[in-house]
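Visitor: I'm new here and would like a close look at just one part. Could you walk me through a sheet and the aromatic rings?

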Amino acid sequence: MKPARLIRIYRSRAMRRRAYELLDDGTWTRFGAFFHQAIIVLVIASVAAVVFETVPSIQERYGRLLDLIELVAIIVFTMEYAARLWCSTEHPPYRHMTASQARVAYLLTPTSIIDLLAVLPFYLAFLFESDLKVFILFRLLRFFKLARYSPVMQTLFDAVLSERRALLGCLYILVSLALVSASIMHLVEREAQPDKLGTIPDAMYWAVVTLTTVGYGDVSPVTPLGKVVASVTALAGIVMLALPVGIIATSFSQAIQRRAFVVTWSMVAHVPMFAKLSAADVAELMRYLQSQTAEENEVIVRRGDVAHSMYFVASGQVEVDLITRTVTLGEGDFFGEMAVIRQTRRSATIRAVTKTKLLVLDAADLRGLIERRPEIGRLIEAEAASRRLIDDLDQDGDLAPSEIADR
Ligand code: CMP
């Protein structure tokens, strides 16, 4: 292949990688942070425009402005969709695939489908020469785009997902309760109110409205026994609804405490060691990693401190302050492993040279990772051993080869 062509390919790949990082986790750079915030503002503005369009007085007065918002949103979201599709080959789980396989896999992800639905109504309206308002519901789906740009929403989604079994259990109990109370109410009041509680499906409507504590009042018991059944059902509803709320709240607060920021694929992709893991293993590892940002000059670990975790540098630079000299570590390097593995105190002080993004792995999770993936454990242990040897040499002066072998 000609060198000029090679350079072109290299440049286009580098550009695609940069675009992927910007779209996946651009908050790291100033432009990226601006881009993410601009998309959030546009999503909110375009959803607000859809809502206000339905108010005749506002539509009459600000119709042009609402149309302009819609037009800008369509242009930006279409470009964003195309850019995401173009650089989906950089997404770590798809890197081993061919470009077309990666794009098809990306197209089928829920987030990609939401992105498509955010723009599709506009083009469909053109195609079928129909009124844009027919697709109003689809346009409101844009709101879900926010989930991608909001770490908190992602954490909430994870919290719900991780508690899905407990939540399904609650749903099962609620449905059973609705069935039982509807059946009893039907038996008790079918003669007094045949039009409202004459069938179990009718009584189910009453049971759901009562259990959820909504109580429209359009169906209410008239017999004394019916009133007792209704009271017990309403009380059971309060208790049962508190259960899923409590489950989600606990799981959410644990998830928030566990990681202040969501660890993104592009952050993990910066650590070469993780390239050896399968996509499923990386996805699992991401649940244990926390993201931490260290400002310039911030001390991350201090010599002599107790160690609870090790760190991977996703971007930026840190300086290891050894007794006799300093060592600089950059993107893809790790530190803090020595004290965790040996269960000793920190052997050096480490500070951020520039603003640094770190992935933090708890001691217990590191042990779990080493157990599951011994090859990763060996890599970390080998690096720790060679660092220890260098540090000992630094402190003791030159050692004879026999002395080094002894260590
Ligand atoms: P730990 O002892 O947990 O905390 C300080 C960290 O500094 C240590 O783990 C290593 O990760 C890192 N470190 C120690 N010596 C060196 C070295 N010679 N080169 C690079 N990093 C080092």
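**The sheet and its rings**

Guide: Let's start at a ring: the charged end of R387 sits over the ring of F334, 5.1 Å from its centre (that calls for CZ of Arg, or NZ of Lys, within 6 Å of the ring centre and within 35 degrees of the ring normal). This is a predicted model, where local features need pLDDT of at least 70 and side-chain atom pairs 80 or more, while totals for chains, interfaces and linings use all residues. Residues are numbered from 1 along each chain as its sequence is written, and side-chain values use heavy atoms, leaving out hydrogens and water.

Now the sheet: it's open, with four strands ordered β1-β8-β3-β6 and antiparallel pairing. Strands are DSSP E runs of at least two residues, numbered from the N terminus, and two of them pair if DSSP finds at least two bridges between them. At the edges, pairing on one side only, are β1 (290-294) and β6 (334-335).

What about aromatic pairs? The whole structure has three, counting Phe, Tyr and Trp (six-membered) rings with centres within 6.5 Å; planes under 30 degrees apart are stacked, over 60 edge-to-face, the rest tilted. F122 and Y123 are edge-to-face, because their planes stand at 90°, with centres 5.3 Å apart. Y311 and F335, in contrast, are stacked, 5.0 Å centre to centre with 15° between the planes.
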